[in-house]
Amino acid sequence: MKIFTSAQIHELDKYTIEHEPIASIDLMERAARAIARAIADEWPTATPVVVFAGPGNNGGDALAVARLLADGGYAVSAYLFNITGHLSVDCAANKERLAEGKKLRQFVEVKQEFDPPQLDEGTLVVDGLFGSGLNKPLAGGFASLVKYINASPARVVSIDVPSGLMGEDNTYNVRANIVRADLTLTLQQPKLSFLFAESQVFVGRLKVLDIRISREAIDKTDARYHIVDENEVRPLLRRRAAFAHKGTMGSALLVAGSYGMGGAAVLAARACLRSGAGKVTVHSPKCNNMVLQVAVPEAVIQLDQEETIFSEAVDTEDYNALGVGPGLGVSEQTAIALIAQLRRAQCPVVADADALNILANHRAWMQQLPKGMIMTPHPREFDRLAGHCADTYERISKACDMAERLGAYIIIKGHYSALCSPDGHVAFNPTGNAGMATAGSGDVLTGIMTGLLARGYKPADACTVGMYLHGLAGDLAARELGQESLVAGDIIRYLPEAFKRLND
C-alpha cells in the first residue's frame, strides 16, 4: 500500500474530481457517509454527539457527518468555527445544508466568543477541526479547545487526522495542542505520521475508510513510502529445486557471542537454519563451545582463539552470507576484529547489535563498510550511529540519507519497522506485535536475514521477506501463546508456520 504525502493526497482528490468525474461536494458527501456509517457501527443512537468543525474541508466533512447522524436519530450539537469569516467552498455548502435540516439539536457558528459545551463521559466528540493539510502547530483559541477536549472524559472520533497532528513531519509540533482521539477514521489510506510510535497516543484505534479515490491516479503516482503487503512478499520467495542439497542451499557464517552472551549466538543460529540455509557456521569465543554444540547441533562451531571475546577476522571466501553482531561485546580488541571482518567480507553482510554499537564508537569506520550491507538497528542504536533524533520522522530521514551515502539497507526496528533503501524509498513492515519487545528478538531477525542472503536472496528482497517473516512468526506465536509470555525462541518456533502460510 502506497503512503502519500498531504500534497499528493490533495492532488489525488483533484484527479478523482476531474476524471471520475464527481463534484467536490459529492466526494465530500461520499466520505461523510463512510464516516457516519463507521460511527454508527461503534455507538448507538442514544449517544449524545458533539461535532467540532473547522473552516476548511475537514470541517465540511464534519458538518456533513453531523447532518447524517442527526438524520439517523442521534442527538447532535454542532459547532462551526468561522473565526476569520472565510470558509472553504464545500464547508460553506455543508453549512447551508445543515441549516436547512430540522433534526439537529443545536448548531452554533462561532465567530468570536465561544462558550464550550459540557463534555460528559457518555458524550461522543467528533473532531473535524483540521485535516491533513495542516502545516503549523495549533495556537490560540484552537489550542485551548484541543486542551479542553483532551481534558474531558468524552470519547473522541477524529475525521481523517486528529486535529493538530500533521501528516508527515511533527518534529516541531506542540504535542499538548493535538487532539487525543480514541478512534481515527482516516480516508483512503493511513497518513505517514500514523506509522510513528509517538503518534499512537493521538491516533488511538485506526480505521481506514475507502472513499473510492481514483485507482488510476493511485497506481500512476509514485510514492516514496509504502506498507509491505503479503502479495508483495509471496513472489519474492525462492523455491527449492527438487534435486537441491545442502551445498546448493547456501552457506552462512555468523560471528556472534561473547562471555555471558552465548544465547545471542544460539538464537541467531537457530533462526538462520530455520530460514533455509543449507549450512550454518557460528564463529564464537571458546567459552561458548559447549552451549552451542548442545543447543544448535545442526550448526558447525568455529572457535575464536580467545576464550571470552571475538578477536580475529574470519575468511569469508567459502560463505554466501555473513551475519555479525549478536552478543559480540564492544571491547577494543573486538572492535578492531570487527572492522577487519567487514573490510574482508566477500559476501553480503548483515550487521546488528554490538556490531552497530562498535561502529557508533568509531564513526570514521562507516565509510569503509561494504556496499549493499544490511543494518538492523533499533531506534537507540541508530541514534548512537547518527546522533540524537527528536522523533521517528527525523530518524527515518537520517536513515535514508545514511542508506544513500553508504549504499546500505537500514531497517529501523519497531512496530512498523522501516526499511530505508539506497534509492531513498522507505518500506514499512505491517507484521509483528508488542509481544516481540523482548530480548533476543533482534538476534532472531539477524539470523533470518543471514539465512535468506545465504539462500541467494538479493539484499533488498532479503530485507523485505525477512522483516515480514519475522513479524508474521511473532504474530502466529502471539495468537497461540499471547503477547505477554512471548520470548524470542517462540518466534523461531513459528517460523516454519510463517513460511508455510506464505508458500500456501
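**Aromatic pairs, a cavity and the overall fold**

Biologist: At 5% relative accessibility, does Tyr79 count as buried or exposed?

Modeller: This is a predicted model, in which local features need pLDDT of at least 70, side-chain atom pairs count only at pLDDT 80 or more, and totals for chains, interfaces and linings use all residues. Residues are numbered from 1 along each chain as its sequence is written, and side-chain values use heavy atoms, with hydrogens and water left out. Buried means under 20% relative accessible area, exposed over 50% and partly exposed in between, with a 1.4 Å probe and protein chains only. At 5%, Tyr79 therefore counts as buried.

Biologist: How many aromatic pairs does a search of the whole structure find?

Modeller: Rings of Phe, Tyr and Trp (its six-membered ring) pair if their centres lie within 6.5 Å; planes under 30 degrees apart are stacked, over 60 edge-to-face and the rest tilted. Searching the whole structure this way, the number of aromatic pairs is nine.

Biologist: What kind of aromatic pair do Tyr79 and Phe114 form?

Modeller: The distance from centre to centre is 5.7 Å for Tyr79 and Phe114. With 75° between the planes, this pair is edge-to-face.

Biologist: How many residues apart are Tyr79 and Phe114?

Modeller: Helices (H or I, at least four residues) and strands (E, at least two) are DSSP runs numbered from the N terminus. Tyr79 sits in strand β3 (residues 76-81), while Phe114 is in the loop between β4 (106-110) and β5 (124-128). Phe114 counts as partly exposed, at 24% relative accessibility. The pair thus links distant parts of the chain, and the separation in residues is 35.

Biologist: Why is the pair of Phe130 and Phe142 edge-to-face?

Modeller: The ring centres of Phe130 and Phe142 lie 4.8 Å apart. Phe130 belongs to the loop between β5 and α5 (140-151) and Phe142 to helix α5, so the pair ties together parts 12 residues apart in sequence. Phe130 is buried at 19% relative accessible area, and Phe142 is buried at 18%. The pair is edge-to-face because its planes are at 80°.

Biologist: Which residues form one aromatic cluster with Tyr79, Phe114, Phe130 and Phe142?

Modeller: Those four residues belong to one aromatic cluster.

Biologist: Which helix gives the largest share of the lining of the largest cavity?

Modeller: On a 1 Å grid over the protein atoms alone, a cavity is a set of points where a 1.4 Å probe fits but cannot get out, and lining residues have an atom within 4 Å of a point. The lining includes Arg67, Asp71, Arg97 and Lys102. Both α3 (57-71) and α4 (89-100) supply at least two lining residues. The largest share, three residues, comes from α3.

Biologist: How many residues in that lining are charged?

Modeller: Asp, Glu, Lys and Arg count as charged, Ala, Val, Leu, Ile, Met, Phe, Trp, Tyr, Cys and Pro as nonpolar, and the others, Gly among them, as polar. The lining of the largest cavity has three nonpolar residues and one polar residue, and its charged residues number five.

Biologist: What percentage of the protein chain's residues count as buried?

Modeller: The protein chain has 18 helices and 18 strands, and its C-alpha trace spans about 85 × 45 × 40 Å along the principal axes. Of its 504 residues, the percentage that count as buried is 58%.

Conventions: On a 1 Å grid over the protein atoms alone, a cavity is a set of points where a 1.4 Å probe fits but cannot get out, and a pocket is an open set with protein on both sides within 12 Å along at least five of seven lines; lining residues have an atom within 4 Å of a point.
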